[in-house]
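Here is a friendly walk through one protein model, meant to be read with the structure open beside you. Please keep the viewer handy and follow along.

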Amino acid sequence: MQRIRKFIVTPNLPPKLQPLLEIARNMWWVWNPEAINLLRRVDPDLWDEYRNNPVAVLGNLSSDRISDLTRDQAFLAHLESVYEDLQRYLKQTSWFESEHEHLAQTKVAYFSFEFGLHESLPLYSGGLGVLAGDHLKSATDLGVPLVGVGLAYQYGYFRQYLNHDGWQQEDYPLNDFYNMSMTQERLPDGQPVSVEIEYPGRKVTARVWRVQVGRNPLFLLDTNLPINRLEDRELTSRLYGGDIDMRIRQEILLGIGGLRALQAMDIRPEVFHLNEGHSAFLCLERIRALMTEQKLPYDVAFELVRSSSVFTTHTPVPAGNDHFDPQLVRTYLKPLADQLGIGMDGVLALGRQNPEDKHESFCMTVLALRLSQFANGVSELHGKVSRQMWQRIWPGVPVDELPISHITNGIHTRSWQCMELARLYERYLGPRWYDKPTNHMVWERVNRIPDAELWRAHERMRERLVGFVRRRLRVQLEARGANRASIQAAREVLDPEALTIGFARRFATYKRANLILRDPDRLARILNKPERPVQIIFAGKAHPKDHPGKELIRQIVHMAQREEFRKHIVFLEDYNVEVARYLVQGVDIWLNNPRRPLEASGTSGMKVPVNGGINFSVLDGWWCEGYNKENGWAIGAGENYDDPEYQDLVESTALYELLENEIAPLYYERSSDDVPREWVRYMKNSMRTVNAEFNTNRMVEEYTQRFYVPCLNHVRRLAENDAAAARELSEWRTAVVKRWPAMQVLSIEAEDQEAQPMGSRFTVRAKVDLGPLTADDVLVEIYHGLLDPRDNIIGGETETMMPTGDAPTGEIVFHGEIPCRRSGQRGFTVRVTPRNPKFPLNRFETGLIRWFGEEVPARAPSPQSVRS
C-alpha cells in the first residue's frame, strides 16, 4: 500500500482581499444580504459551481480574477462596508449583556446530532438540524454565550436523485472540510485539538473542527483519522447511517467525546442543553468527570449535573426515540458504570421508564428526562403529547402536571426572508426592524405597506421561484437521461401568475404527502380551471430505509407525468436549505397535512409568512397556536381519528373544498389595479401574527429566561464551598427516599360538601402519619376538580395544606380550603410529595408521591429509580 504524505493548500489572497476570508469563515454572512451579495460578486460562475460555498470560491479564484478584484474600487468599497458591518456586529452590546450583565462570563453548551446552518455546510437532514442552526444564529444575535457541539460528517446526509421510475436513489458526495466555512481547532501552542474516547478493546481519537457562527463557535468532532480503525473512521461518515451498533457508538462520541473536547479546549460550560436524546450520555460523563476531578460521591455529582441540564424532545411517537438493547449498552458502558459506582443495573435503570423491569430497553429520551432539571416539547400540543407518552416515568402523577413543559419552536427570520420583502420592511417597519423580531408593535407596521407594493414584491418572488424550478427540473431530467421533448417541456412547466402551493418536508408517511392526490379527478378539475389555475411544487427526501416514504415520492412523480398534471405538479429532487429558501420565499400557500398529533412542531410553515405566504394546514404542531381564522386556513378542527382511512377521506375532502371554493376564488378576486385586496389582507394578517411570535429570537430568549438562567443560578449555589449545598440536598433526598414508605395519609375530613354555593370555601383536614419524616420534608395538598363519568378528576387544581399544632413528626393534622369557583359535580382528595424549603424543586422531581387511600409499598424504591 502506498504511503501518502499530506499537506494543506489554503486560499492565498493579497492583503486588500484578506477580509474576504474572515467573512467567508464566519457563518454570519448567511443571514446578511449584503455579505451574500459581496461573496457572490467575487465570481458569480464559481458561486453557482460550488453551490454557494464562499470558501471553495476563494480557493479556486484565478490569478486574473484576483488581480481584477484588487483593482475594482467599487468592489473594495463594498468589501470594506461588509467587513465593518461584521466587526460592528461582533462588538455591539447584546440583549444578553443588557439583561444579564453579571452572567456575561458563563457558557451554555448546546449538543445536537445535526446542525443546518446553510446548504454549503451539509451536516443536517431536516427540521431538527435546521432548528439547531437557527438556535445558534439567534443565540449569537442575542449575545447568549453559547457553544455548539456536534459531529463533522464526512458524507453528511445523502444527496437525492430519482431513477426513470421515480424511485429515490442516494448519493453520498464527500464533504471537503478544508474548502468549507470551518477550520481545524488548535491549542495555543498550535497543536490540533484531539480527544480519546474508550470503546471495547480500543481507544478512538477524534479531532475538532470549528465553525464560527457570529460571536459563538460550533465545534464538530471528526474520527476520520489514520490512527483509528476503519470502522471507527466511519463513525463520522454519515448522518443517520449504519445500524443500531453504529448509532450507539456515534452517540457515545457526541455525548462523551463532545464533553472531553470542550474540556481539552478549557471551555467549562455551566449549563448543558441536549437537543434531542442523542447526546444524553453526556450527562453520565459529566457525573464521572465530577467524581474524578472533584472527588465527589456519585449522588452529589448527580445533583450538580441534573441541576444544570436542559433537555428538548422533538419526537411525538415512542418509536422515534432511540432505544438500545440492554446487552448492547453493557458492551459499551460497563467501564463507565463501574467508574460511576452504580454498576450496569444502576445505569440501565436511568434509561428505563420502569427501573425495576429488567427486560425493558434502554431509552436515550428517558435517560435525558431523568438527568435534566428542565424538559420541554417544541409546541404546546407536543408538550401535551410528550407528557402522555412518558407518564410511566412518574407513576401516580397526573399527566397535566408531569415535569415536561413546552417552548414552541421558531425560525431565524433573516435567514429565510427574501430581499424583496427585506427592502419593504426596511422602508415601512423601520431601518433596524430585524434587531427586534419579537416586537409585536414592529410587525403591526406591516399594515403601512401599500397593498399593491406588497403584492408586486410577492409576484416577483413567485416568478423567481418558477424560474428556479424550471432550471432545476431541466437539470434533473438531463441527469436522468430523459428525452429531448421532456427536457424542452420543463421550460414551460408552471405559470408565474398562478396560485402556487408548496409542500416540502421529510417524506415520512405520517406527513401524508399524497393526501392532496387522493381524488385525482377532482384535483385535476381544481388545478386546470382556466380562470383559476392552481399548481403544486413538491420536494423532500425519504430516509434510505423508508420504502413506504419512497413509494410516496414515486407516486407523485408518476402523477406529475400525466397529461392533466404535467404543467401543474412538479417534484424537485434533492431538497435542501437552498431549495427550501426558494420555496418559502415564492409560494402563495404552504400546505401541511400530517396525521395529527404526530407533527411535533413543523417549522417549515413558520418560514412562509415572513415572505408574504399563507399557511394551509392541519391543526397540529405550531399551527394550533398560530392559526386565528384570519391568517390562513385550517384543515379540520383539530380532531383525532382512530381510523386512518376514514381520516384521510374526511381531511382530503375538506382540503379540496377549501382549495376549490374559498382559497382559489379569494386569490383570483382582483381589484381594478389587479391586486387581490382580500388575499393581501390575509397576507398581512399572517405576517403580523406569525412573525413576531414564531421566531428563534423569542424561542432563545424563552430558553434563557426560563431554563438557562435558573439552571445557572441553581448549580452555582449547589457547587459553591466544595458543593456543600449539593451534599446537603443529596443527603436530604437519600433520607426522604429511605423514610418515605413509613408515611401515609390516614384520613381526610371535610365539612358537609353535598351542596356548596359558588364563591364559597370549605375546609378539608387530613391526618398524615409522617413516620420519621418532618412537616418540613413534605408538601401536603388538596387535589380537586371536575369529575368525569368514571369519577376521575379532570383538570385538577391544588391547594396547599398547613400543619395544625407544633408537633414536628408523627401523626399530624393538615388543613386547607377548597375555593368553589365553578359549578358542577366536583371531587377532591389529598396527596403528599417531598419538599425541601431550602431547595425549591419541581414537586415531582424525586418521583415520590402518596395519595390518600393508596396502598403503602412494602419497601423503599432504589435511589436510582427516584433520581428523576
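The report below looks at some strands, sheets and helices of this model in turn.

## What you are looking at

This is a predicted model, in which local features need pLDDT of at least 70 and side-chain atom pairs count only at pLDDT 80 or more, while totals for chains, interfaces and linings use all residues. Residues are numbered from 1 along each chain as its sequence is written, and side-chain values use heavy atoms, with hydrogens and water left out.

Helices (H or I, at least four residues) and strands (E, at least two) are DSSP runs, numbered from the N terminus. Two strands are said to pair if DSSP finds at least two bridges between them. Buried means under 20% relative accessible area, exposed over 50%, and partly exposed in between (1.4 Å probe, protein chains only).

Let's start with strand β8, residues 216-222, where 7 of the 7 residues are buried. N216, L218, L220 and D222 point one way, and P217, F219 and L221 point the other way. In a regular strand the side chains alternate between the two faces of the sheet.

Strand β7 (residues 202-213) runs antiparallel to β8, and 7 bridges join them. V211 has L218 of β8 as its bridge partner. The two strands form a hairpin with 2 residues between them, and G214 in the turn has a positive phi of about 65°. Strand β2 (residues 146-151) pairs with β8 too, in the parallel sense and over 4 bridges; here G150 stands opposite L220.

## Strand β10, covered on both faces

Next comes strand β10 (residues 309-312), with S309 and F311 on one side and V310 and T312 on the other, all of them buried. Strand β9 (residues 271-275) pairs with β10 in the parallel sense over 4 bridges, and F272 stands opposite S309. Strand β13 (residues 374-377) also pairs with β10 in the parallel sense, over 3 bridges. In that pairing, F374 of β13 is the bridge partner of V310.

## A parallel sheet of 6 strands

Further along, you will find an open sheet of 6 strands with parallel pairing, in the order β17-β16-β15-β18-β19-β20. β17 and β20 (632-635) stand at the edges with a single partner strand each, so one side of each is left without a neighbour in the sheet. Neighbouring strands are turned by 20° against each other on average, direction ignored. (Axes are lines fitted to C-alpha atoms, for helices over the stretch in contact, and angles run from 0 to 180 degrees between N-to-C directions.) Within the sheet, 6 bridges join β15 (residues 499-504) to β16, and G502 stands opposite I537 in β16.

Several helices accompany these strands. Helix α23 (residues 547-560) lies across β16 and β17, at about 140° to β17. Helix α27 lies across β15, β18 (589-592), β19 (614-618) and β20, at about 75° to β19. In helix α22 (residues 520-527), R522, L523, A524, I526 and L527 are buried; the buried residues of α22 pack against β16 (534-539), β17 (569-572) and α26 (644-668).

## A look at S686

Is S686 buried or exposed? At 1% relative accessibility, S686 counts as buried. This serine sits in helix α27 (residues 677-691). Leaving aside neighbours within four places in sequence, S686 is in contact (heavy atoms within 4.5 Å) with P609, G613, I614, N631 and N691.

How do α12 and α28 meet, and at what angle? Helix α12 (residues 298-307) and helix α28 (residues 696-739) pack at about 140°, with their axes 8 Å apart. That makes α12 oblique to α28. (Angles under 35 degrees count as roughly parallel, over 145 as roughly antiparallel, 65 to 115 as roughly perpendicular and the rest as oblique.)

On the α12 side, D299, V300, E303, L304 and S307 take part in the contact, and their α28 counterparts include C711, H714, V715, L718 and R733. The contact residues divide into 9 nonpolar, 4 polar and 4 charged. Here Ala, Val, Leu, Ile, Met, Phe, Trp, Tyr, Cys and Pro count as nonpolar, Asp, Glu, Lys and Arg as charged, and the others, Gly among them, as polar.

## An antiparallel sheet of 4 strands

Finally, an open sheet of 4 strands has antiparallel pairing and the order β21-β22-β26-β25. Its edge strands are β21 (744-750) and β25 (802-803), each pairing on one side only. β25 pairs with β26 (residues 811-819) over 2 bridges, and M802 stands opposite H815 in β26.
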